[in-house]
Amino acid sequence: MDHEKFMRMAIALSEQNVQQGLGGPFGAVVVKNGELVAQSANRVVPDNDPTAHAEVAAIRLACKELGTFDLSGCVIYASCEPCPMCLGAIYWAHIDKIYYGNTKNDAARIGFDDAFIYEELDCKMENRKVPCEQVLHKEAIVVFNEWEKSKDKEEY
């Protein structure tokens with residue numbers, strides 16, 4: 001596989017985003033069997049969507065293109081090391097490998113610092129900056145129990 005070709009595509013998407021004033025300097029490309037499946041730049045600003053990072057946007061497009069939520073057999077090229085949210089999406093999508101250009105430290109240097117999220121994940125719920133409170137557990141668990149027993153569920 002031509003890793004440099006696909007990484008250059010991700011970098012070009014990030015550069016176009018900056019030049020067009022569309023938001024963060026991030027791009028991502030999803031590839032399967034050496035073929036481009038989907039690509040996207042960061043869409044946070046134009047879409048008014050804080051979850052529209054390049055990797056998440058590319059994953060969404062790849063899933064639509066392939067007609068599946070399981071991207072096993074795919075790899076992702078990201079212009080920067082994925083943030084915690086994007087890393088989670090990559091794991092949930094079952095992508096086989098991540099190739100990246102810039103590091104999270106490079107991103108932090110220009111104002112995209114995710115260190116606080118990693119720190120929050122290590123905190124106990126009661127010590128997190130965004131308060132968390134469990135409500136109606138007895139009612140909510142009923143649905144989980146139904147799911148667990150369902151014969152029609154599709155595992156993912």
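## Largest pocket

The largest pocket has 22 lining residues, and F26, H53, C83, F112 and D114 are those nearest its centre. A pocket here is an open set of points on a 1 Å grid over the protein atoms alone, where a 1.4 Å probe fits and protein lies on both sides within 12 Å along at least five of seven lines; lining residues have an atom within 4 Å of a point. The elements giving two or more residues to this lining are α2 (44-47), α3 (54-66), α5 (104-109) and α6 (115-122). Helices (H or I, at least four residues) and strands (E, at least two) are DSSP runs, numbered from the N terminus.

The model is predicted: local features need pLDDT of at least 70 and side-chain atom pairs count only at pLDDT 80 or more, while totals for chains, interfaces and linings use all residues. Residues are numbered from 1 along each chain as its sequence is written, and side-chain values use heavy atoms, with hydrogens and water left out.

The space in the largest pocket is about 320 Å³, where a volume is the space filled by probe spheres set on grid points joined across faces, edges and corners. By residue class, its lining divides into 12 nonpolar, five polar and five charged. Ala, Val, Leu, Ile, Met, Phe, Trp, Tyr, Cys and Pro count as nonpolar, Asp, Glu, Lys and Arg as charged, and the others, Gly among them, as polar.

## Second largest pocket

The second largest pocket has a volume of about 160 Å³. Its lining consists of I59, C63, F69, A89, W92, A93 and Y156, which divide into seven nonpolar, no polar and no charged.

## Helix α4

Within α4, the residues P84, C86, I90 and A93 are buried, meaning under 20% relative accessible area with a 1.4 Å probe and protein chains only. Their cover includes α3, β3, β4 (97-102) and α6. A93 also belongs to the lining of the second largest pocket. After α4 comes H94, with a positive phi near 65 degrees.

S79 lies in strand β3 (residues 74-80) and is buried, with a relative accessible area of 3%. Neighbours within four places in sequence aside, S79 is in contact (heavy atoms within 4.5 Å) with M7, A10, I11, S14, P25, F26, G27, G101 and N102. Of these, F26 is one of the residues nearest the centre of the largest pocket.

S40 is found in strand β2 (residues 35-41). It counts as buried because its relative accessibility is 7%. Not counting residues up to four places away in sequence, S40 touches L13, G27, A28, A54, A57, A58 and L61.

## Overall fold

The protein has seven helices and four strands, in the order α-β-β-α-α-β-α-β-α-α-α along the sequence. Its C-alpha atoms fill a box of roughly 50 × 40 × 25 Å along the principal axes. Among contacts between residues at least 6 apart in sequence, 48% join residues at least 24 apart.

Of the 156 residues, 29% are buried. The accessible surface is about 10600 Å², with 53% belonging to carbon and sulfur atoms; areas come from the Shrake-Rupley method with a 1.4 Å probe, and for residues only the protein chains shown count as cover.

Definitions and conventions
Buried means under 20% relative accessible area, exposed over 50%, partly exposed in between (1.4 Å probe, protein chains only).
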